[in-house]
Each structure stands twice: as structure tokens, then as C-alpha cells.
Amino acid sequence: MLNNIYNIFFIPEIFLACSSFVCLLFGLFLKKNAFRQTSNLAVFVLLLTILLVYYDSESNFANYKSLFSHSSFINFFKILALFGSIASIIISKDYFLGIKLKNFEIPVLFLFSTLGMMLMIASHNLMSMYLAIELQSLSLYVAAAIKRDSISSAESGVKYFILGALSSGILLYGFSLIYGFTGSMNFDDISFYLSKYDNLNLGLIFGLVFVMVGLAFKVSAVPFHMWTPDVYEGAPNSITGFFAIVPKIAAVALIYRFCIVPFENFYLEWSQIILFLSIASMFLGAVAAIAQSNIKRLLAYSSIGHIGYILIALVAANDDGIKAASIYMFSYMIMNVAIFAILLSLKVKNEYLINISDLKGLSKSNPIVSLSISIIMLSMAGIPPFIGFFGKFYVFIAAIEQELYVLSILGVLASVISAFYYLRIIKIMYFDESKSEGIINFQISFQSKIILSLSLFVIICFIFYPSLLINISASLTI
Amino acid sequence: MIDWPLVSVIIFLPLIGALIILFIKEDELTSINIKWAALLATLGTFILSLILWLQFDYSNPSYQYEEKFRWFDDFNFFYHVGVDGISLFMILLSTFLTPLCILASWNNIKKRVKEYMLSFLFLETVMIGMFASIDILLFYIFFEAVLIPMYLIIGIWGGNRRIYASFKFFLYTLLGSVLMLIAIIVMYRNTSSMSIEFLQGNYFSYNTQLFLWLAFFASFAVKIPMWPFHTWLPDAHVEAPTAGSVILAGVLLKMGGYGFIRFSLGMLPEATEFFIPLIMTLSIVAIVYTSLVALAQTDIKKLIAYSSVAHMGIVTIGIFLVNQQGLEGAMIQMISHGLVSAALFLCVGVIYDRMHTREIEFYGGLVQRMPLYATVFMIFMLGSVGLPGTSGFIGEFLVIVGAFKFSSYVVIGAAFGIILSAVYMLYLYKRIIFGTITNNKLADILDINTREKIILIPLAISVILLGIFPNLFLDPMRLSLELIITNYEIANAK
């Protein structure tokens with residue numbers, strides 16, 4: 001019960017919302033170094049929010065309980081998203097200063113978007129879900145277009161906005177159908193209403209499909225992935241890093257909760273859609289990445305492929321599936337943080353690295369960096385003993401527990417195809433002879449170095465003590 | 001008995017060596033330190049692994065020196081390692097060949113010595129770990145981790161088509177092993193156990209066994225390799241540096257045979273019974289076909305690579321005869337092939353280092369200039385042919401004896417292959433070694449030096465030792481093999 005009105009400030013989301021405004025004002029009144037100071041403050045705020053989430057600070061404030069739910073699964077994903085956003089703010093600081101993009105609004109946008117994601121993860125009501133999605137998307141639209149004088153950045157922002165708005169429209173239409181046919185917005189009420197029926201009626205099926213399409217757009221599952229490569233390519237690298245690391249976490253948590261909480265009894269209806277999305281994402285992600293020469297597009301397709309694997313765990317829809325998804329998402333975040341920490345510090349002829357072929361000769365000039373990239377690539381390809389393997393391993397355990405043999409065999413086949421392009425990066429760094437050495441410059445700030453070393457440590461050493469993460473993820477309830 | 005974790009020390013000693021090397025800064029002067037560090041680490045590993053053999057209890061068919069720790073809290077996965085009669089010699093083979101590889105690369109690896117030695121030490125750790133693991137997941141992790149260093153070794157220090165060869169090697173073997181991963185998970189789901197020891201019973205329904213068997217087959221048939229999954233092997237062998245080919249032929253191919261014995265025979269006996277005709281057919285085709293292909297090769301390394309496929313055909317016949325002679329023969333043939341083909345690749349490396357070509361045409365009359373070389377080459381060549389007194393004879397003889405109990409067609413096929421192997425090896429030897437020197441470039445080629453003697457003479461001794469005292473090797477493995485055969489027969493008698 002609410003004894004003290006001030007307690008509401010200890011609800012993580014409310015704390016984050018208030019602090020974001022404070023950050024905005026803070027940046028506004030700073031004369032110099034506004035960007036750097038605001039970023040530091042934002043990191044600090046996010047750290048405090050993690051503490052609040054960790055210590056489960058929540059109160060029953062007004063209608064809070066009916067709009068947002070609360071569970072260990074939600075907290076895990078919230079913390080994951082918060083860590084991802086801390087990491088991406090830290091690793092992108094120097095990059096923004098390097099390209100002279102010093103708007104202090106950027107970290108604030110990240111904060112608002114993170115707030116949206118936390119609400120997305122927790123939402124327990126169609127209305128709050130929609131508002132949360134919009135909050136995080138609007139911040140991201142602006143972030144994608146933040147480099148106003150660059151045509152590609154503006155293009156990616158507009159493209160993202162138009163497609164995002166379209167998908168939001170579809171999502172909203174789906175919501176309205178579900179609301180219309182069940183008479184409720186709350187997940188529990190919908191679930192209660194649906195429990196009386198054996199089949200979904202036509203309107204609800206349409207509603208479900210529309211919502212699935214909208215959510216598939218948010219997680220960038222094939223065939224609703226088109227925006228991903230273009231937005232990744234056009235946005236400034238550090239924004240791409242944020243896109244790759246954080247929103248996926250929230251969207252995946254949301255699609256899990258939406259499928260499993262209100263529509264739990266209609267597994268057959270939604271699992272077919274997810275099954276298709278999963279297979280298509282894995283294969284398209286694997287095949288389309290092969291031909292890419294731009295590292296950001298490659299990572300975009302790689303993330304599409306990873307989403308395919310996470311959706312396998314959703315099709316499995318059992319406790320193992322939830323566990324697998326949280327382990328996979330954790331490994332996905334760590335690997336992306338590591339690779340973007342490196343990419344945001346690599347300069348070729350004073351330009352930030354874009355073309356994969358520019359990595360040529362890196363193994364001679366920067367052996368440690370190229371070793372790190374190789375480890376990350378092998379981990380993404382799912383080669384043991386790195387963390388990426390365990391992510392995939394748990395996904396397949398969940399799938400086979402549900403007797404999804406064909407899906408798991410397709411999954412491993414796709415992983416072999418995708419191994420090719422990860423190996424290609426290693427090939428370019430190690431096997432190709434380069435004539436021009438020393439043009440690659442690796443400068444990394446102390447803070448990013450800590451982030452990078454920590455994530456590499458996790459990638460390599462996960463195998464020695466897996467139980468830490470696995471025990472946490474095994475105890476998650478949705 | 002030994003009360004300290006001997007097996008783990010053997011597994012991780014090379015890795016510790018690798019960590020030390022990681023902190024040596026590489027330049028012109030220190031690269032020699034890196035080499036010495038690598039050599040010492042691998043020699044230490046070899047000496048420790050000899051203790052395994054000396055302290056081995058011949059009367060115990062199951063695992064010895066076991067170590068078991070809980071690894072994953074939520075599943076029954078353990079860090080569980082140990083050695084039995086089957087894995088003992090596989091481990092010894094790995095630890096014996098790796099220092100020789102380091103020595104063989106002493107002078108001819110000039111670029112990126114540090115990465116090279118790191119790859120080899122990591123490779124040794126995962127090879128030993130794979131043979132020593134009693135937990136399937138642990139086995140799988142090591143099995144796949146082998147790909148990483150081998151990919152780098154072929155890709156960085158290989159020949160002209162190294163990139164093609166390294167990708168082919170990696171993707172081909174990865175495709176096989178991911179199917180094994182699915183099979184492993186299915187096994188776990190059915191039995192809630194990951195212990196190789198436990199799963200040696202007959203726990204799966206007939207249909208499940210067939211499915212699992214095919215998945216394991218995909219992985220091991222690529223690895224061993226069986227015809228028609230062998231096409232990665234000639235490419236990988238030809239393009240890999242000498243030491244890479246040595247490890248590839250000496251140890252990595254044995255992973256397939258080892259897997260067949262442990263998984264197909266041990267865990268899936270009924271499915272094995274069903275698929276025996278398939279294996280026999282493929283093996284005989286492999287023996288005859290690849291022997292003929294070997295005959296037509298112009299590149300020495302490629303010839304030896306094809307001969308490997310033929311020899312591994314004998315191994316698969318021996319394994320799937322599932323009788324005492326057949327399995328013992330297959331094991332001896334694997335050890336023998338590990339020594340002989342490794343030595344042959346090293347011999348090719350000797351002349352390649354001097355002349356930088358592997359074309360058979362280029363050579364001729366080497367005996368005039370390199371008498372010592374001609375002698376050791378002869379020992380290995382005869383070992384490969386299977387002359388009595390060398391290791392190859394024991395293996396082939398036992399397999400053929402075992403095959404008589406099964407079918408005389410198999411005997412004919414295997415024997416035909418053995419005759420063909422004599423043809424292509426003697427023909428190769430004649431073209432390279434005998435005759436007069438016709439190529440002027442060979443006029444002042446030097447005989448093998450001390451370093452090369454240190455590499456080749458231990459191998460020659462062990463080839464002859466294995467040929468004369470096979471019981472030295474057969475005794476430790478006998479009971480473990482008997483256990484597998486007994487389990488197999490019980491399962492199929494039902």
C-alpha cells in the first residue's frame with residue numbers, strides 16, 4: 001500500500017521519466033561539454049534505475065497494476081535493456097564527439113526510448129502497450145535522423161518513421177479488433193474471456209494476425225524486416241549500435257508476453273505465424289548477409305537471423321523456451337555491445353569503419369582487436385566454447401523438448417549458412433594480404449575499454465561458470 | 001593410483017602454455033622464445049600422458065582417472081573426464097604428434113609465429129579434451145572447437161587455395177556436427193543423462209535409434225571421412241601447412257572413428273546392425289575408388305590424402321564388423337595411420353621446405369643425395385602399404401581376419417584395396433626416390449638435418465614397435481573393446 005506519496009518516485013519507470021526531464025534541463029543549462037555531462041548523468045540515472053528494478057521497488061499507485069504487470073521475467077528483461085542502453089551510451093560517447101554531433105539531446109532521447117522499452121516489457125494492457133511502443137519508437141525515429149545534415153541519416157529516419165508508423169497503424173487496428181471482440185484491454189481480462197471458447201472467431205484471428213505483423217515489424221522478423229538494413233546503414237554508427245542492442249530486447253520480451261499471456265490457450269493459432277517468421281528470418285538473415293560489403297548491413301542481417309532463433313524458443317512456448325530466450329537475448333546483447341564497442345573505435349584513414357574490406361590487415365596492425373572481433377564472430381556463429389553457442393544450444397533444447405524436430409534441423413542448417421559470413425570477416429582480417437598497413441587506427445576511451453573487456457570476458461568465460469546466468473533464467477516466470 | 005587431476009592437467013597444460021605465449025611480445029628475437037615455450041608445453045603434456053599409459057589398469061574395462069564436477073546446475077551436464085582403453089591411445093597419439101608438429105614448423109613458419117603456436121596449443125587442448133570427455137556435451141564442445149584453430153591454420157599459413165580449402169573444411173564439418181548437436185539433445189531428452197558411460201546401454205527405441213544414428217553418421221562420416229563425404233579432405237590436406245596436415249591426418253580423422261565406436265556402436269547398437277551393409281558398401285567403394293584416384297595424382301600430398309581415405313575405409317570396415325579382431329584391427333589401424341600418414345606428410349614437408357614444390361614430376365633420384373631420407377621414407381611407405389613388421393600390417397591383418405567372419409566379399413574388397421595401396425605407394429616411392437637425378441635443381445639438395453631426424457626417428461621407431469609388439473597397444477584396449485562388443489551383442493540378441 002502507498003503510505004507515502006514520495007514512494008511513487010521509486011517506481012523505476014517514474015523515476016526514469018522524471019530523471020530524463022532532469023537530464024534534459026541539465027543539458028539545456030550547461031554552457032560547455034553539455035553532451036558529455038548529460039551522457040554521464042544519463043548513465044548514472046540508468047544505473048540507479050537498475051538498482052530500483054533489482055530491488056523490486058514497486059507500489060500500487062492509481063491504476064498501475066492493471067496497466068503494467070510485474071514478474072521476474074519482466075525484471076530480467078528490464079535490467080537487460082537498461083544495461084544495453086548504458087553500454088551503448090558509453091561506447092558511443094567518443095564517436096559522437098568524433099563526428100562533431102554534440103547535441104545533448106541524444107542521451108536524453110536514449111533515456112526516453114529506454115523508458116518506453118521498460119514500459120513495453122511490463123505492459124499488461126493493450127493501451128499501455130501501444131503507448132509504450134510509440135514512446136520508444138518516436139525517440140528512435142528522431143535518433144535515426146539526428147545527423148540532420150547527412151542525407152543518409154535523414155533518409156533512414158524518414159524511412160523508419162514511415163514504416164514504423166504504418167506498422168503502428170496495423171498494430172492499433174489489431175488492438176481495436178481484439179478490444180472489439182473481447183471487450184477488454186487488460187491481458188488478464190482478455191485471457192479470461194478467451195478461456196470460455198475453444199476457437200478464436202474470425203475477428204479475433206484478424207486482430208491477432210495484425211498485432212503479430214506489428215510486433216514482427218518491431219523485432220524485424222522476415223518478411224517485415226525491410227527497414228532494418230536501411231536504417232542500420234543510414235543512421236550514424238552509434239545510433240545503429242543502440243538500435244542493434246536495446247530495442248530488440250524490449251520487442252522480444254513484448255512478443256513473448258503478448259503471445260503467452262493473453263493467448264496462452266490458442267497456441268496453435270499464433271505458433272504458426274511465429275514458426276513462419278522464425279524460419280524465414282533465420283534463412284533470410286543467413287543468406288542475405290553473405291553478399292553484404294557494409295558491416296552495418298551485415299550486422300543488420302545477422303540480427304534478423306538471431307531473431308529467428310529467439311522465435312524458435314517462442315514456438316516452443318514452454319519453460320525451457322523462456323529460459324532459452326533470456327539466455328539468447330543476454331548473449332545477443334553482450335555480443336552486440338562488444339562488436340559495436342570495437343566498430344565505434346575503429347578508424348580507417350580518419351573515417352569510421354564501414355566497409356568490411358577495410359578490415360584487411362587488421363590482424364597485423366592490431367592483433368588484439370582482430371582477435372576480439374574473431375571471437376565475437378565465432379560466438380555469433382554459435383561455435384563453442386563461446387557464449388553464442390549456449391544461446392543456440394538452449395534454444396534447441398527448448399525446441400526438441402516440444403518435439404519440433406524439423407524446426408531445429410532447419411535452425412542448425414541456417415546456422416551453418418550464417419557461419420559463412422562470420423567466417424568471411426575472420427578471413428578478411430587474417431587471410432587476406434594487405435598492402436597498406438597501419439591505416440587502421442584503433443582509439444578507445446577508458447570507459448568503452450572497460451565495457452569491451454567485460455563483454456569479451458563474459459563471451460569467453462561463460463563456459464566456466466554458466467550456472468550464474470542459467471539459474472537466474474531458469475527461475476523466470478512470465 | 002594418482003590422486004591429483006592428471007587428465008585435466010594434460011588437457012589444460014597446452015592451454016596454459018598458450019596463455020604464457022600470449023604475453024610474450026613477438027618480434028625477430030623473441031619468436032624463438034615462443035617456439036621454445038610451445039615445445040616445452042607440448043613435451044610436458046606428452047610426458048604426463050605417458051604416465052596415463054604406465055599407470056593404466058589393464059584389467060579395468062571402464063573409465064579410469066575419472067574426474068567429475070557439476071557444470072550446469074539445471075541439467076545433468078558434468079565436467080566429466082576420464083580415460084579408457086579406447087581413448088588412451090588417441091590421447092597419446094595427440095600428445096605425441098603435437099610436439100613433432102611444433103618441431104616441424106620450427107623454421108618454415110616465418111610469419112605470425114605467435115598466432116601459429118597459439119593455434120596449435122589450443123588445438124592440442126581441444127583434441128585431448130575431446131578424447132577424454134565422458135560427457136556428451138563436453139565432447140561436442142571440444143569436437144566443434146577443433147574447427148577454430150584448424151580453420152586458422154589452413155587459412156593463414158596454407159598454400160595458394162587456402163581460403164577455399166579452409167572454408168570448405170569448416171563448413172563441411174560444421175554441417176555434420178550441428179546435426180550431431182540435435183541428436184545429442186534428443187538423447188538427453190529421452191534419458192536425462194549426458195554421460196557417455198551411462199548411455200552405453202540400449203536406451204532408445206528402434207526408430208529413434210535410426211534417426212540418431214543418421215545424425216551421428218553425418219558428423220563422423222564427414223570427419224573420418226567416408227566416401228562420398230571426403231571431398232574436403234584432399235583440399236584441406238594439400239593447402240594446409242605441413243604440421244596442419246600432420247594433425248589433420250594424424251588425429252582429426254581419428255575423431256570420426258572414435259565417434260563411431262563410442263556413439264554408433266556403443267549407444268545405438270540396433271541401428272548399427274541395420275546400417276552395417278551401408279557402411280560396408282561405402283567403405284569398400286572408398287577403398288577401391290580412392291586408391292585408384294590416388295594412383296592418378298601428381299601432387300604428393302594429394303596422393304597421401306587420398307590414401308588416407310582408403311585407409312580409413314579399412315578402419316570403418318573394422319569398426320562395423322563388431323567383433324574382437326575387427327575392432328582391435330580398426331584401433332591399431334587408426335593408431336598406425338596416425339603415425340604413418342603423419343610421418344609421410346612430414347617427409348613431404350622435408351622436401352617441400354627445400355624445393356617448395358610437391359609435384360611428383362619435379363623429383364626423382366633423391367636416394368643419390370638423401371640416403372637417410374630415402375631410408376626413413378621407405379619405412380613409412382612400407383608402413384602405409386602394410387608390410388609385416390610395420391604397424392600397418394597388424395591393423396589390416398586383424399581387420400581382414402575379422403572380416404572373414406562377416407562376409408568374403410568384404411574381404412575381397414579390403415584385400416583389393418591393400419594391393420592397390422601397395423601399387424600407388426611403391427609407384428610414388430619409385431618416382432621420387434629411385435633413379436638418377438634428372439632435375440638440375442635437385443643437384444645439391446641436402447639430406448635431413450638433426451631437427452628432422454629428431455622428428456622422424458621417433459615416428460619410425462614407433463611404427464616398427466607397433467608392428468613387432470602389437471600387444472603393447474592391444475592389451476590396454478582389449479577389455480574396453482570387449483565391453484562394447486558385449487553390450488552390442490546383448491542389445492541385438494533381444
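The model is predicted, with local features needing pLDDT of at least 70 and side-chain atom pairs counting only at pLDDT 80 or more, while totals for chains, interfaces and linings use all residues. Residues are numbered from 1 along each chain as its sequence is written, and chains are lettered from A and ligands numbered from 1 in the order in which they are written. Helices here are DSSP runs of H or I with at least four residues, and strands are runs of E with at least two, numbered from the N terminus.

**Where chain A meets chain B**

- Chain A brings 24 residues to the contact and chain B brings 25; two residues are in contact if their C-beta atoms, placed from the backbone, lie within 7 Å.
- On the side of chain A that touches chain B, the elements giving two or more residues are α18 (387-401), α19 (405-431) and α21 (467-474) of chain A.
- Helix α19(A) supplies the largest share of that side, eleven residues.
- By residue type, that side of chain A has 18 nonpolar, four polar and two charged residues. Ala, Val, Leu, Ile, Met, Phe, Trp, Tyr, Cys and Pro count as nonpolar, Asp, Glu, Lys and Arg as charged, and the others, Gly among them, as polar.

**Buried places**

- Six of the eight residues of helix α10 (residues 227-234) of chain A are buried, so the helix is mostly covered. A residue is buried if 20 or more other C-beta atoms lie within 10 Å of its own, exposed if 12 or fewer, and partly exposed in between, with C-beta atoms placed from the backbone.
- W227(A), T228(A), P229(A), V231(A), Y232(A) and G234(A) are the buried residues of α10(A), and they pack against α6 (126-144), α7 (151-182), α11 (237-245) and α14 (295-316) of chain A.
- L82(A) sits in helix α4 (residues 72-98) of chain A and counts as buried because it has 27 C-beta neighbours inside 10 Å.
- Leaving aside neighbours within four places in sequence, L82(A) touches L46(A), T49(A), I50(A), V53(A) and T114(A).

**The largest nonpolar core**

- This core holds 389 residues, of which I121(A), Y328(A), A338(A), I459(A) and V146(B) touch the most other members. A nonpolar core is a set of buried Ala, Val, Leu, Ile, Met, Phe, Trp, Tyr and Cys residues joined through C-beta atoms within 7 Å.
- Helix α15 (residues 319-343) of chain A gives the largest share of this core, 18 residues.
- Beyond its neighbours within four places in sequence, I121(A) is in contact with residues including I74(A), F77(A), A250(A) and L254(A).

**Two helix pairs**

- Helices α14(A) and α18(A) pack at an angle of about 30 degrees, with their axes 8 Å apart. Axes are lines fitted to C-alpha atoms, for helices over the stretch in contact, and angles run from 0 to 180 degrees between N-to-C directions.
- That angle makes α14(A) roughly parallel to α18(A); angles under 35 degrees count as roughly parallel, over 145 as roughly antiparallel, 65 to 115 as roughly perpendicular and the rest as oblique.
- Y309(A), I312(A), A313(A) and A316(A) of α14(A) meet K392(A), V395(A), A398(A), A399(A) and E401(A) of α18(A).
- In chain B, the axes of α10 (residues 232-239) and α13 (residues 300-321) come within 9 Å and cross at roughly 140 degrees, and the two helices are therefore oblique to each other.
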